[in-house]
Amino acid sequence: MAKQSAPRQIYFQHMTKTGYQEIEQQIRDLQKERPAKIKALKAARALGDLSENTEYSTAKRELRHLESRMRYLNKQLTYAKIITTKDDGKVDMGKAVTIQFTDDSETATYIIVGKHEADIASGKIAFDSPLGKALMHHQVNDLVTVAAPAGAYQVKIKAVKVQE
C-alpha cells in the first residue's frame with residue numbers, strides 16, 4: 001500500500017506594498033534590457049566558430065543571468081503576501097520605529113520590512129532579524145531586550161509611525 005504524503009505547505013513571503021512595487025520595477029527594468037542582450041548574442045553568434053568565441057560565451061552567460069534574475073523576481077511576486085499596515089501604535093511591518101539604545105542613549109529610526117527588502121544602509125530591517133523580532137508588536141515607551149549574536153542589549157521605543 002502506497003503511503004500518502006501530507007500536502008505541501010506553501011510559504012508566502014511577507015513584504016510591504018513598497019517592496020512589492022520595487023520588485024515589479026526591477027522586472028520591468030530587466031525586460032527593457034533583454035532585447036539588447038539578445039541582439040548582442042545574435043551578433044556574437046554571427047562571428048563564426050562558437051567553440052572559441054568568447055563574445056558568444058559572454059553574451060550567452062549575461063542573457064542567462066538576466067533571465068534567471070527575472071524568474072527569481074517573478075517567483076518572489078508569486079509567493080508574496082503584502083502586509084496591510086494598521087495605525088494601532090504597535091511596531092509591525094511597514095512602520096517606522098524610532099528607538100533609543102539604553103547603553104549610550106543614541107537614537108535610530110528603522111523601517112520594519114520583509115526579509116528580501118531589508119537594507120540596513122537604507123534604514124530598513126527585516127521583521128525576523130534579531131532587532132525586528134524583539135520590536136514586533138511592542139509600542140511607544142516599551143523597554144525591549146534584543147537577543148543579538150554579539151550579546152543582549154536593551155532599547156526603548158520612542159516613536160512608531162505608519163510608513164506607507
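**Aromatic pairs and nonpolar cores**

F101 is buried, with a relative accessible area of 17%; buried means under 20%, exposed over 50%, and partly exposed in between, with a 1.4 Å probe and protein chains only. The model is predicted, so local features need pLDDT of at least 70 and side-chain atom pairs count only at pLDDT 80 or more, while totals for chains, interfaces and linings use all residues. Residues are numbered from 1 along each chain as its sequence is written, and side-chain values use heavy atoms, with hydrogens and water left out.

The structure holds two aromatic pairs. Rings of Phe, Tyr and Trp (its six-membered ring) pair if their centres lie within 6.5 Å; planes under 30 degrees apart count as stacked, over 60 as edge-to-face and the rest as tilted. F12 lies in the segment before β1 (13-15) and Y79 in the loop between α2 (54-78) and β2 (80-82), so the pair ties together parts 67 residues apart in sequence. F101 and Y153 also form a tilted pair, with 6.0 Å centre to centre and 35° between the planes. Y153 is partly exposed, at 27% relative accessible area.

A nonpolar core is a set of buried Ala, Val, Leu, Ile, Met, Phe, Trp, Tyr and Cys residues joined through side-chain atoms within 4.5 Å. The largest one has 20 residues, and V97, I99, I112, L131, L135, V155 and I157 touch the most other members. A second, separate core of nine residues includes L30, L66, L77 and A80.

Definitions and conventions:
Helices (H or I, at least four residues) and strands (E, at least two) are DSSP runs, numbered from the N terminus.
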